[in-house]
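Visitor: I am new to this structure and would like to learn how to read its features. Could you take me through them one at a time?

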Amino acid sequence: MAFPVKKKQNFWLKSAICALGVAGTLGFGGGAAQAAKMPLVVAAENTWGDIAAQIAAPDMRVVAILSSPTVDPHEYQATPTDARMIAAAELVVANGAGYDTWADKLVAASGLLPARYVKADSWSPWQEGGNPHLWFNVDAVSAFVKHFAEACAHIDPEHADGYAGRAEKMQLAIQSIQAHAGLLKAHVAGMHVAATEPLFTPLADLLGLQMDEQAYQLAVMNDVEPAPSTVATFESDLKEHRLKMLVYNQQVEEPSVRHLLELAQQSNVPTLPLSEMLPPRKHWQVWVHDILTQVGQLLGVQQ
């Protein structure tokens, strides 16, 4: 299934929030004077910023440009403040995969060396047209961790052992997620589920779930009206309980999505809300474990 990434239009408070140009500091480092002396890492999104901070801190300062769950990274309009931060950064991290092209433009304008721009889509199995939601792909995250730690050590060899050690802890955290998913997979593999767009697909694949209604998901992600026959099939699968769970992007308020959520509720099909941004005060690995736990509960697995 190809995932050409286009812009979506109906995001909550999109116009007001996109004016936000303030970066979210990820809470590492000491006071302002100490932080000013540290190498700066700028992350396009807080999800990748959190992963980067767990490797870079306390030897680097990490800030994220996007952290609000109501912001659409596809449509975000970068500000002069964002451009200045990226120009001052030693390293920049982003999702890539056509998801945050505004970051590509700022990096190109800054003159940052390619080796200092760490993107999740550099994971070798990813190809143009692949699923852009790479933060839910544990193999892509593992590759990012390795790549980012190497980049940190290259620009700051004095603390290379620290970066390597913290990266190893992150790899162990990823292995814990894989183990959690493996336990669930034994109970849920083959179950038919659906989503309103392909945000959940990497985790569904990890769990061995059968992802249905893919034509509908791709249409919604690309702001295209789903074909009537596609919608009719989705509605029938919900009414006839052929679907065990419906996952939806809580940032999207498409009328057709609201209709499906109402139909799922009427049909007693459990629903799982997801966001494209890391929730406040959580590390990435805790967030993913929580999602897996919720999936197990919704699918009737005793944990």
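Guide: Let us begin with helix H12, whose 15 residues reach 21 Å from the first C-alpha to the last, close to the 21 Å expected at 1.5 Å a residue, where the expected span is 1.5 Å times one less than the number of residues. Helices (H or I, at least four residues) and strands (E, at least two) are DSSP runs, numbered from the N terminus. This is a predicted model, in which local features need pLDDT of at least 70 and side-chain atom pairs count only at pLDDT 80 or more, while totals for chains, interfaces and linings use all residues. Residues are numbered from 1 along each chain as its sequence is written, and side-chain values use heavy atoms, with hydrogens and water left out.

Visitor: Which residues of H12 are buried, and what do they pack against?

Guide: Buried means under 20% relative accessible area, exposed over 50%, and partly exposed in between (1.4 Å probe, protein chains only). In H12 the buried residues include Trp284, Trp287, Ile291 and Val295, and the buried residues of this helix pack against H3, H6, H7, H8 and strand E9. Val286, which also belongs to H12, is partly exposed because its relative accessible area is 38%.

Visitor: How are H3 and H7 oriented to each other?

Guide: Axes are lines fitted to C-alpha atoms, for helices over the stretch in contact, and angles run from 0 to 180 degrees between N-to-C directions. Angles under 35 degrees count as roughly parallel, over 145 as roughly antiparallel, 65 to 115 as roughly perpendicular, and the rest as oblique. The axes of H3 and H7 come within 7 Å and cross at roughly 130 degrees, so the two helices are oblique to each other. Their contact (heavy atoms within 4.5 Å) involves, among others, Ile51 and Ile55 of H3 together with Tyr163 and Met170 of H7.

Visitor: What is the phi of Ala97, and is Ala97 buried or exposed?

Guide: Most residues other than glycine have a negative phi, and most peptide bonds are trans. Ala97, although not a glycine, has a positive phi of about 65 degrees; this residue sits in the loop between strand E4 and helix H5, and it counts as buried because its relative accessibility is 7%. Asp223 likewise is not a glycine and has a positive phi, of about 60 degrees, and its place is in the loop between H9 and H10.

Visitor: Where is the cis peptide bond?

Guide: The bond from Ala57 to Pro58 is cis, with omega near 10 degrees, and Pro58 is found in the loop between H3 and strand E3.
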